[in-house]
Amino acid sequence: MESPAPFELFAIRYAHHAHRKQSENFINGDLHEDGSPLDYFVWVARRGQQVFLIDTGFGPEAAAARGRQHFRLPADGLRLLGIDPEKIADVILTHLHYDHAGTLESFPAARFHLQDRESAFATGRCMCEQAFRQPFNVEDIVAMVRHLYAGRICFHDGVAELAPGLSVHHVGGHTAGLQVVRVWTRRGWVVIASDATNLYANIGQGSPFPIVYNVADMIEGYRIVRELADSEDHIVPGHDPLVMSRYPAPSAGLKDIVVRLDVAPHYN
Ligand SMILES: [Zn+2]
């Protein structure tokens, strides 16, 4: 079969969390030892006029409420790449945590791709528990429900091909309905793992991130992600600052803001 034309693939960094303990990044992580900081990203797959935005990040209010350093609105990051956020037709939400599913109002022309299990999780009985609802922002969920009633949510259950060379895959684990995105690029199949692995070390060491709905599914998710990606180098974690140093900026002006994921990573 002829392979589809490749997508360009980018990560846009929009926020940062500097001070974390090991125990905030790994189950059984040390309570006192400093852990890796987190970067916050949205991702873009582009093929000519066809654009898929993966996640919508959060805005300055959520950053202030949770003590995160906010660099820019994700929509403004897209503008730096020459993409008009108001014209984007397809937004994939990997899951509905506050750092992935805020700022929906920036994308008035979009339909939102979501797993059945994620909307059920975010509006169901687990949200009676503080531990499960803490990473959600209720206003994002209300916005999602309004978009549902406006006919703008496209539901998936498991695997779905959204275009030749781009598919979503339910993984669960971190949340009940987490999905990853597999993208065909000029270097092969890359997987935007999002929070299927927050850091390289979560999947690399088989050591789960502690914000988790189901640990067994999270660990099974590492296997699924590996199976979907052409190699370990083709897996892009959700929050690892190493992404910014392993991949090149598309231009000098976008240094520290955007990196290309469709070229091989380099290790210094
Ligand atoms: Zn996240």
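**Entry 1**

I began with D84, which forms a salt bridge with K87, the closest N and O atoms being 3.8 Å apart. I take a salt bridge to be a side-chain nitrogen of Lys or Arg within 4 Å of a carboxyl oxygen of Asp or Glu. I noted that D84 has 33% relative accessibility and therefore counts as partly exposed, while K87, at 65%, counts as exposed. The terms follow the relative accessible area, computed with a 1.4 Å probe on protein chains only: buried is under 20%, exposed is over 50%, and partly exposed lies in between.

**Entry 1: what I am reading**

I record that this is a predicted model, in which local features need pLDDT of at least 70 and side-chain atom pairs count only at pLDDT 80 or more, whereas totals for chains, interfaces and linings use all residues. Residues are numbered from 1 along each chain as its sequence is written, and side-chain values use heavy atoms, with hydrogens and water left out.

**Entry 2: further salt bridges**

I found 13 salt bridges listed for the structure. One of them joins D39 to R13, with 2.9 Å between the closest N and O atoms. D39 belongs to strand β2 (residues 38-47) and R13 to strand β1 (residues 8-17), so this pair ties together parts that are 26 residues apart in sequence. Helices (H or I, at least four residues) and strands (E, at least two) are DSSP runs, numbered from the N terminus. Both D39 and R13 are buried.

I then turned to D34 and K21, whose side chains meet in a salt bridge at 3.0 Å, N to O. This pair links distant parts of the chain, 13 residues apart: D34 is in the loop between α1 (22-25) and β2, and K21 in the loop between β1 and α1. D34 counts as exposed because its relative accessibility is 59%; K21, at 33%, counts as partly exposed.

I also noted a network of salt bridges that links E8, R46, R260 and D262.

**Entry 3: the sheet around β10**

In which order do the strands of the open sheet of five stand? I read the order as β8-β9-β10-β11-β12, with mixed pairing. β8 (159-163) and β12 (235-237) stand at the edges with a single partner strand each, so one side of each is left without a neighbour in the sheet. From one strand to the next, the twist averages 20°; axes are lines fitted to C-alpha atoms, for helices over the stretch in contact, and angles run from 0 to 180 degrees between N-to-C directions.

Two strands pair if DSSP finds at least two bridges between them. Strands of a sheet pair through backbone hydrogen bonds, either parallel or antiparallel. I found β9 (residues 166-170) joined to β10 by five bridges, the two running antiparallel. The bridge partner of S167 in β10 is R182, and that of L166 is V183. On the other pairing, five bridges join β10 to β11 (residues 188-194), again antiparallel. W184 stands opposite W189 in β11, and β10 and β11 form a hairpin with two residues between them.

**Entry 4: the largest pocket**

I looked up the largest pocket, which has a volume of about 260 Å³. A pocket is an open set of points on a 1 Å grid over the protein atoms alone, where a 1.4 Å probe fits and protein lies on both sides within 12 Å along at least five of seven lines; lining residues have an atom within 4 Å of a point. Grid points are joined across faces, edges and corners, and the volume is the space filled by probe spheres set on the points.

The lining holds 17 residues, of which E61, G102, T103, E105 and D140 lie nearest the centre. α2 (60-66) and α6 (138-149) each supply at least two of the lining residues. I recorded eight nonpolar, five polar and four charged residues in the lining; Ala, Val, Leu, Ile, Met, Phe, Trp, Tyr, Cys and Pro count as nonpolar, Asp, Glu, Lys and Arg as charged, and the others, Gly among them, as polar.

**Entry 5: two single residues**

Is F112 buried or exposed? At 0% relative accessibility, F112 counts as buried; its place is in strand β6 (residues 111-115). F112 and I54 are 58 residues apart in sequence and 9.7 Å apart in space, C-alpha to C-alpha.

N268 lies in the segment after β13 (258-260) and, at 90% relative accessibility, counts as exposed. I noted 8.0 Å between the C-alpha atoms of N268 and R246, which are 22 residues apart along the chain.
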